[in-house]
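Open the model in your viewer and keep the sequence panel beside it. The stops below say what to select and what is found there.

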Amino acid sequence: MIDSGFETKSLRMELLLLVTFQAPASDVDRIMEAVVAIAPLSTGKYDSNAYQSAHGIERYRALEGAAGAETELRRRHGTVEVSFELPDDQALAARIVEAIFQVHTYQEPVIRIQPILASRSKGLDDRSNPNRWWNTTGDWKKAAPVKEDA
C-alpha cells in the first residue's frame, strides 16, 4: 500500500485520491460543475483538472427492483469515464461522491476512489527544455477541436 510520497529533482510524488466515475458524455459537464463547486481540482497553476476517456459502451441488465427491470442485456453507447485527483481527505471525498450521486442520471452510478501517488512539478525554470510544448513549433491551442458525440 502506498503510504507516503517522495521527491525527485523536478517533482514531488504526493499521496492523493483518484476519483473515477462513468456517465453518459452528455452528463459530464453537469457532474463536473457540481464537483468543482466543492473542490477546484487544482494542480500547480491550473484548475478544473480532470481526464475524460473516449466514448465507450456500457453493458448492464436492470434486475428486479431497479427502475424498469429487463430481461435483455443493454449496451449504452457514448458512455465515458472521468477521473480527477483530490487531496487525501475522506470528508472531502465523501462530499464529492455525494455531489456526483445527486446530479448523476443513473440509479446506481459507478464511482471509484483509489489512493495513488501523483506527480506535482516543483515549478523549476525549464524554458530551455526542448520537450515542452511552448518550446516547439506546434501549439496545442491551434489544434482542431475534438468533436463530441452525444
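The model is predicted.

**Whole chain**

Show the protein chain as a cartoon and colour it by secondary structure. There are 2 helices and 6 strands, and along the sequence they follow the order β-β-α-β-β-β-α-β. Of the 150 residues in the chain, 26% are buried. Switch to a surface: the chain exposes about 10,600 Å², and carbon and sulfur atoms supply 52% of that area. Among contacts between residues at least 6 apart in sequence, 71% join residues at least 24 apart.

**The nonpolar core**

Select Phe-21, Met-32, Leu-41, Phe-84, Leu-86, Ile-96 and Ile-100, and show their side chains. These residues have the most contacts inside the largest nonpolar core, which has 19 residues. At least two residues of this core come from each of β2 (11-24), α1 (28-38), β5 (74-87) and α2 (90-103). In soluble globular proteins, nonpolar side chains tend to be buried together.

Centre the view on Met-32. Beyond its neighbours within four places in sequence, Met-32 is in contact with Phe-21, Leu-41, Ala-50, Val-82 and Phe-84.

**The loop between α1 and β3**

Move on to Leu-41, which sits in the loop between α1 and β3 (51-52). Is Leu-41 buried or exposed? Its relative accessible area is 4%, under the 20% cut-off, so Leu-41 is buried. Now check the backbone: phi of Leu-41 is near 55 degrees, a positive value in a residue other than glycine. Most residues other than glycine have a negative phi.

Select Ser-48 next, in the loop between α1 and β3. Ser-48 is not a glycine either, yet has a positive phi of about 60 degrees. Ser-48 counts as partly exposed because its relative accessibility is 44%, which falls between the 20% and 50% limits.

**Glu-58 and its surroundings**

Go to Glu-58 in strand β4. With a relative accessible area of 12%, Glu-58 is buried. Which residues does Glu-58 touch, not counting those up to four places away in sequence? They are Gln-22, Arg-74, Arg-75, Arg-76, Thr-79 and Tyr-106. Draw a distance between the side chains of Glu-58 and Tyr-106: a polar contact of 2.6 Å joins them.

Ala-67 and Tyr-106 are 39 residues apart in sequence, and their C-alpha atoms are 9.6 Å apart in space. Ala-67 has 68% relative accessibility and therefore counts as exposed.

**The largest pocket**

The last stop is a space between atoms. Rolling a probe the size of a water molecule over the atoms shows where empty space is left. The largest pocket has a volume of about 660 Å³. Select Ser-121, Lys-122, Gly-123, Leu-124 and Asp-126: of the 18 residues that line this pocket, these are the closest to its centre. Then colour β2 and β6 (111-121), each of which supplies at least two lining residues. Which element gives the most to the lining? That is β6, with 3 residues.

Note on methods:
Residues numbered from 1 in each chain as written. Predicted model: local features only at pLDDT ≥ 70, side-chain atom pairs only at ≥ 80, totals over all residues. Heavy atoms only, no water. Core = buried A, V, L, I, M, F, W, Y, C linked by side-chain atoms within 4.5 Å. Buried < 20%, exposed > 50% of the residue type's maximum accessible area, 1.4 Å probe, protein only. Helix = DSSP H or I, 4+ residues; strand = E, 2+ residues; numbered from the N terminus. Contact = heavy atoms within 4.5 Å. Areas by Shrake-Rupley, 256 points an atom, 1.4 Å probe, with all protein chains shown as cover. Polar contact = N/O pair within 3.5 Å; in protein donor to acceptor, adjacent residues only side chain to side chain. 1 Å grid on protein atoms, 1.4 Å probe; cavity = no way out; pocket = protein on both sides within 12 Å on 5 of 7 lines; lining within 4 Å. Points joined across faces, edges and corners; volume = space filled by probe spheres on them.
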